[in-house]
Amino acid sequence: MSEEGFGLQLWGAAFQAGSFLCLMAIPWTDGKIRLLVSIVAAGGFLSILGFQFYVGYAEQDFGLAFDLMTVTVASIILYFLGSWLVERLFRLYLLSRRRKGPPPGS
């Protein structure tokens, strides 16, 4: 593997990871930050899906492009729903602690 290819693969993986982290941060943020994180995540995923379509187009294998894009869309949905569920459970836990008050003896 050439040095140049390793750098491109590393940046591609970092870009994809950043897009997924922004996606997972959406339920945890509020206000203008949520809007900013949503825009960054949407732009990242549109570019990832576009690149995957280009890979299929370059190989003249649109089945490959469809498979890559389907896996990415499924991952987007699962990561978002997982993050949303964890955020809701954490919020319920904090609300239940607030209603009960401080533990006795504190």
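The following legends describe close-up views of a predicted model.

**View 1. Confidence along the predicted chain.** The mean pLDDT of the protein is 88, and 91% of its residues reach 70 or more. Among the elements of the protein, helix 2 has the highest mean pLDDT, at 93, and helix 1 the lowest, at 83.

**View 2. The largest nonpolar core.** Nine residues make up this core: Phe 20, Cys 22, Leu 23, Ile 26, Val 37, Ala 41, Phe 45, Ile 48 and Ile 76. Helix 1 (3-25) and helix 2 (31-58) each supply at least two of its residues. The most comes from helix 2, which gives four residues.

**View 3. Surroundings of Phe 45 and Ser 19.** Phe 45 belongs to the largest nonpolar core. With neighbours within four places in sequence left aside, Phe 45 is in contact with Ser 19, Phe 20, Leu 23 and Ile 76. Ser 19 is a residue of helix 1. Its relative accessible area is 3%, under the 20% limit, so Ser 19 counts as buried.

**View 4. Gln 60 in the loop between helix 2 and helix 3.** Helix 3 spans 62-100, and Gln 60 lies in the loop between helix 2 and this helix. Phi of Gln 60 is near 55 degrees, a positive value in a residue other than glycine. Most residues other than glycine have a negative phi. Gln 60 is exposed because its relative accessibility, 57%, is over 50%.

**View 5. A nonpolar patch on the surface.** The patch is formed by Val 73, Ile 77, Leu 81, Trp 84, Leu 85, Leu 89, Leu 92 and Leu 95. Together these residues have about 730 Å² of accessible area. Leu 81, one of them, lies in helix 3 and is partly exposed, at 46% relative accessibility.

**View 6. Salt bridges around Glu 87.** Two salt bridges are counted in the model. In one, Glu 87 pairs with Arg 88, with the closest N and O atoms 3.5 Å apart. In another, the side chains of Glu 87 and Arg 91 meet at 2.5 Å, N to O. Arg 91 and Glu 87 are four residues apart in helix 3, so about one helical turn separates them. Glu 87 is buried, at 5% relative accessibility, whereas Arg 88 is partly exposed at 36% and Arg 91 is partly exposed at 41%.

Terms used. Residues are numbered from 1 along each chain as its sequence is written. This is a predicted model: local features need pLDDT of at least 70, side-chain atom pairs count only at pLDDT 80 or more; totals for chains, interfaces and linings use all residues. Side-chain values use heavy atoms; hydrogens and water are left out. A nonpolar core is a set of buried Ala, Val, Leu, Ile, Met, Phe, Trp, Tyr and Cys residues joined through side-chain atoms within 4.5 Å. Buried means under 20% relative accessible area, exposed over 50%, partly exposed in between (1.4 Å probe, protein chains only). Contact means heavy atoms within 4.5 Å. Patches are made of residues with over 30% relative accessible area and no salt bridge: like charges are joined within 9 Å, nonpolar side chains (Val, Leu, Ile, Met, Phe, Trp, Tyr) within 5 Å. Accessible areas come from the Shrake-Rupley method with a 1.4 Å probe; for residues, only the protein chains shown count as cover. A salt bridge is a side-chain nitrogen of Lys or Arg within 4 Å of a carboxyl oxygen of Asp or Glu. pLDDT is the predictor's confidence in each residue, from 0 to 100.
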